[in-house]
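Here are my notes on this one, point by point. Have a look at the fold while you read.

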Amino acid sequence: MARGGIKGERCPGCRLVPSHCICALHSELPTQAGMCLLMADIEPLKPSNTGWLIADVVQATFAFAWARTEVDPALLALLADPQWQAFVVFPGEFVAPERVVHELPVLSEGRRPLFVLLDATWPEARKMFRKSPYLNHLPVLSLNPEQVSRYQLRRSRREDHLCTSEVASLCLELAGESQAAQTLQAYLDVYTHHYLQAKHQLPPDLQGAAHAQWRAVRSEMSPSIGSEL
C-alpha cells in the first residue's frame, strides 16, 4: 500500500502502474555471462528496484534473498558449480588488494563468468559483504566507471555509485556481451522514464529520448524490431 498508492495497482510483470506498463518491451537475451543477485531485506518489494530489470534481459540470472544468519543451499550450489567462475562485484578500496581484479581474466575452457551483485543500498551492501563468509574465497571485481550514474529513482550520496542495473551493464561489457549491455542500459532508461512519468501523472513519451534509444538498440539486433514501442 505504501509503495503502490491507495489502490496499490501495479503490473505483476514490470511492477509499473498498468497505464505505464513496459512488458511489451521485455527482451530476454542468451548470454555466456551470468548474474547472481543477492537481494537485501525488502529490496525486491521496492518499485524502484532495478535488479528485476536484469532478469528481464539476461537469461542466465539467479536471485536469492540475503540473510545474516543463514544462506540458501541453492546459492552455495551455484557458487560451487564448476561451469561458473564467480566474481563478487564490489569497490576494491574496501577489500584486501590480493583479491581485487579490474578486468576479467581468461577463464579455462567451459567456464563462464558469474557476477555476484549485492542488490541493496550502499550501507546495506557493505554489511552484506562483511557478513557473508561464503563469499570470502571469491575474487572481487572492482569497477572503475567513467560515467556518472543516470539512475534517477533513488540517489546515493556519492555520485560515482551506480544502481544495480547499471553495474550489471558494465559487467556485461567487460565480459564482451556488448549487445546485452546496451539492451539493459536502454531498458533501464525506458523503465526510469515510465516510472517518473507515472509518478507525476503524465503519459509516457513514446517518441522521446528513452524510447528512441531503445528502438536504436533493438534495430541493431534485428531490423524488424525497429517498429516496436
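1. What is the strand order of the open sheet of six strands? The order is 2-1-5-3-6-4, with parallel pairing; strands here are DSSP E runs of at least two residues, numbered from the N terminus, and two of them pair if DSSP finds at least two bridges between them.

2. A word on the source: this is a predicted model, where local features need pLDDT of at least 70, side-chain atom pairs count only at pLDDT 80 or more, and totals for chains, interfaces and linings use all residues. Residues are numbered from 1 along each chain as its sequence is written, and side-chain values use heavy atoms, leaving out hydrogens and water.

3. Strand 2 runs parallel to strand 1 (residues 34-40), and six bridges join the pair. Within that pairing, Leu37 has Ala63 of strand 2 as its bridge partner. Helix 2 (residues 73-80) packs on the sheet and touches strand 1, strand 2, strand 3 (84-89) and strand 5 (112-119); contact means heavy atoms within 4.5 Å.

4. Further along, the axes of helix 5 (residues 178-199) and helix 6 (residues 209-221) come within 9 Å and cross at roughly 155°. That makes helix 5 roughly antiparallel to helix 6 (the term covers angles over 145 degrees), with axes fitted to C-alpha atoms over the stretch in contact and angles running from 0 to 180 degrees between N-to-C directions. Helices are DSSP H or I runs of at least four residues.

5. Among the residues in this contact are Tyr187 and His194 of helix 5, and Trp214 and Met221 of helix 6.

Methods: Parallel < 35°, antiparallel > 145°, perpendicular 65-115°, else oblique.
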